[in-house]
Amino acid sequence: MWKVMVLLVPLAVSPGDGLFRSIYQRGRVFLPPKGDAGDPLFLTPYIKAGKITEAKKMSLVSPFPGMNAESYAGYLTVNKTFNSNLFFWFFPAQVQPESAPVVLWLQGGPGGSSMFGLFVEHGPYVVTRNMTVRARDFPWTTTLSMLYIDNPVGTGFSFTEDTRGYAVNEDDVAQDLYSALIQFFQLFPEYGKNDFYATGESYAGKYVPAIAHYIHSLNPVREFKIHLKGIALGDAYSDPESIIEGYAPFLYEIGLLDEKQKKYFQKQCNECVKHIKEQNWMRAFEVLDKLLDGDLTSDPSYFLNVTGCSNYYNILQCTEPEDQGYYGKFLSLPEVRQAIHVGNRTFSDGAEVEKYLREDTMKSVKPWLTEIMNNYKVLLYNGQLDIIVAASLSERSLMAMDWKGFHKYKNTERRVWKIFKSDEEVAGYVRQVGDFHQVVVRGGGHILPYDQPLRSFDMINRFIFGRGWDPYE
């Protein structure tokens, strides 16, 4: 056991998982600590040498004060030539871990650390203002074995020592993730036969279809088969063209643009889509960046200028909640770093990751997602209050896809979803066609499990365990 004590200091972060924007403000990273953080744990040599028991024991994370959630963390080398390593943190399910599905969680960004999902959204820990941790009320780790990976290489604690190690497209992302997953199941063979789901939000709307399709393609020809059962995508940025085309009318309808601003926004979106159709990826990125983010210049984005809001994750929030950033400082503590085996590795802000993926930003993974929808269980969910990938924009994406359930989906009635029959509040709305589930969660934005923890917990469990959408007694 170890004790966490630290004085509260001002945070140098801007939290959030958004599109084109990493969790941290550009150019601001948490530097290696001055205290004893131990050494990074590289597990690949032990796995290759067959020293599985030793490696698993070494990867065990020291318990947090007052909490004893079993977990494991460390580095998996995915490219020896470039010394590219992905950091993972794994939590076996608290209930029946021997049979619980293994669920991969990938953050968006690109360049957003999955530690955001762990600490802010659905992991067992919540970091408080005074740098202590408390138990989350509805952690997904209760019923699911959650595997959080900082992805792609260069995100969060993951790193490479060669610029050629950075992903430039989703093929690179999938290849590195697959290598990590194979090693993970070698390290934890007791979970190798369990159902496997790939999940994530926002820009992970590309990562998840990429790794799922990669598994789908390789399972028939590989001796070890990952038991992929399905995917879950939150506020997914999978098909940029269909989403961008709908921005201006949506922002106008929710009162964030007036008529004149709408016309300008639509004109810029049309230009962006034109560049996408011509595969002029960088020019398309530059147009949209000026509209929404301002990453490429020192000037504020058009969105910020006309709305006065820096946050496009929730209609009700003009700025991002302060407590979403506490975990970053927590992860800079030497004793925390020692416990999770990252040593003095820099916790990256994702700027380099985004730079190498700029062309990828405007590309679609629609063909891969279609293939997954035709063969596996799929959950596409949105927060009702999201702006950047709003529910209506996801609907546009769905209408632009040709999958086996499309015609039935168009004619399927949306139903009201309540968690319990006695609930006065509606949890959300569901359209289901076979193994495909589209869910809109009321009262939540882009960072949905943060805004609506119980509804998100109920949703993911209904989907994965096939419990249907009828309210409980």
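User: What should I know before reading the values?

Analyst: The model is predicted, so local features need pLDDT of at least 70, side-chain atom pairs count only at pLDDT 80 or more, and totals for chains, interfaces and linings use all residues. Residues are numbered from 1 along each chain as its sequence is written, and side-chain values use heavy atoms, with hydrogens and water left out.

User: When do rings of Phe, Tyr and Trp pair?

Analyst: Their centres must lie within 6.5 Å, using the six-membered ring of Trp. Planes under 30 degrees apart are stacked, over 60 edge-to-face, and the rest tilted. By this rule there are 44 aromatic pairs. Take Tyr264 and Tyr302: the centres are 4.7 Å apart and the planes at 45 degrees, so this pair is tilted.

User: Is Tyr302 buried or exposed?

Analyst: Buried means under 20% relative accessible area, exposed over 50%, and partly exposed in between (1.4 Å probe, protein chains only). Tyr302 has 18%, so Tyr302 is buried. Tyr264, at 38%, is partly exposed.

User: How is the pair of Tyr409 and Phe436 arranged?

Analyst: Edge-to-face, with 5.8 Å centre to centre and 80 degrees between the planes. Tyr409 is buried at 0% relative accessibility. Phe436 is buried too, at 2%.

User: Where does a charge sit over a ring?

Analyst: NZ of Lys or CZ of Arg must be within 6 Å of the ring centre and within 35 degrees of the ring normal. Here Lys377 lies over the face of Phe463, 5.1 Å from the ring centre. Arg462 has its charged end over the ring of Tyr472, 4.2 Å from the centre.
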